[in-house]
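Please keep the sequence and the model in view while reading.

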Amino acid sequence: MEEPNAIIDQVAEQVSERMSGQQAGHGVDHVLRVLKTAREIQAQVGGDRFVVELAAWLHDVGDAKFHDGVERSAEFAREILRDLDVGNDIIEHVSHIVDNLSFRKGSAAKELSLEGKIVQDADRLDALGAIGIVRTIEFGATRGQPFYVSEANDGSTDSSKAGTGKTGIGHFHEKLFKLRDLLNTEPAKHIAAEREQFMRAFLDQFLRECGEE
Ligand code: ADP
Ligand code: NI
């Protein structure tokens, strides 16, 4: 087999090409952050670093948002790896991870290997913290969804959840603050706690500035 680093370089090139032009919150920059975090977790919990890196690079390569609502990442992962000098067992392992890591799979997702759990944690962590705030706002902006709607405008009576309809703040409560309990590895839970604390502080300040404590 070719040198692992040379293979990763070729995968990186292919993924960057296929994902070029995708918006900031969900393009190669997201992949690079997932890769960085996945490496940090792997260094602490073990697992096959080569598989972790390949899966991190490939996990969103055929994201449904950019392919008419059809998730094609696992298919593209196989396609890319088949053209490289990578063994069949690794191709199957990586595409199984890519196919089963997404939040959207829910209960249909199959049990992930340690390497899969690492990349899944790294992907979920990218929805938290300062980056998570920015990505939520970016996502909302592409869909004309406001980050916040004042209590006076949304008919809500619970001020602690002001503006939690279809808003960015709503997304914090409905999804992002639940992610911490879904993480697989201890290092990821540790990082998540810090990132969630930052988001809660941001929300407190935001609502205070809006006069809705
Ligand atoms: P990934 O595929 O990387 O796991 P998603 O495609 O689910 O992530 O989401 C990309 C980003 O957009 C995340 O930061 C997520 O929190 C944000 N996002 C997803 N759905 C919504 C929503 N309904 N409102 C606001 N932000 C959202
Ligand atoms: Ni992702």
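## Aromatic pairs and a metal site

In this predicted model, a search of the whole structure finds six aromatic pairs. One of them joins Y148 and F206 in an edge-to-face arrangement, with 5.3 Å centre to centre and 80 degrees between the planes. This pair links distant parts of the chain: Y148 lies in the loop between α7 (129–142) and α8 (151–154), while F206 belongs to helix α10 (residues 186–209), and the two are 58 residues apart. Another edge-to-face pair is formed by F172 and F177, with 5.8 Å centre to centre and 75 degrees between the planes.

F172 is buried, with a relative accessible area of 0%, and F177 is buried at 11%.

Ring pairs link F147, Y148, F172, F177, F202 and F206 into a cluster. Arginine residues also lie over ring faces, as the table shows.

| Arginine | Ring | Distance from the ring centre |
|---|---|---|
| R18 | F76 | 5.0 Å |
| R200 | F177 | 3.9 Å |

The model also holds a nickel ion (ligand 2). Which residues coordinate the nickel ion? They are H30 (NE2), H59 (NE2), D60 (OD) and D123 (OD), at 2.1 to 2.2 Å. Along the chain, these donors follow the spacing H-x28-H-D-x62-D.

How values were computed:
Residues are numbered from 1 along each chain as its sequence is written. Chains are lettered from A and ligands numbered from 1 in the order in which they are written. This is a predicted model: local features need pLDDT of at least 70, side-chain atom pairs count only at pLDDT 80 or more; totals for chains, interfaces and linings use all residues. Side-chain values use heavy atoms; hydrogens and water are left out. Donors are N, O and S atoms within 2.8 Å of the metal (3.2 Å for Na, K and Ca); water is not among the atoms, so sites may look incomplete. Rings of Phe, Tyr and Trp (its six-membered ring) pair if their centres lie within 6.5 Å; planes under 30 degrees apart count as stacked, over 60 as edge-to-face and the rest as tilted. Helices (H or I, at least four residues) and strands (E, at least two) are DSSP runs, numbered from the N terminus. Buried means under 20% relative accessible area, exposed over 50%, partly exposed in between (1.4 Å probe, protein chains only). A charge sits over a ring if NZ of Lys or CZ of Arg is within 6 Å of the ring centre and within 35 degrees of the ring normal.
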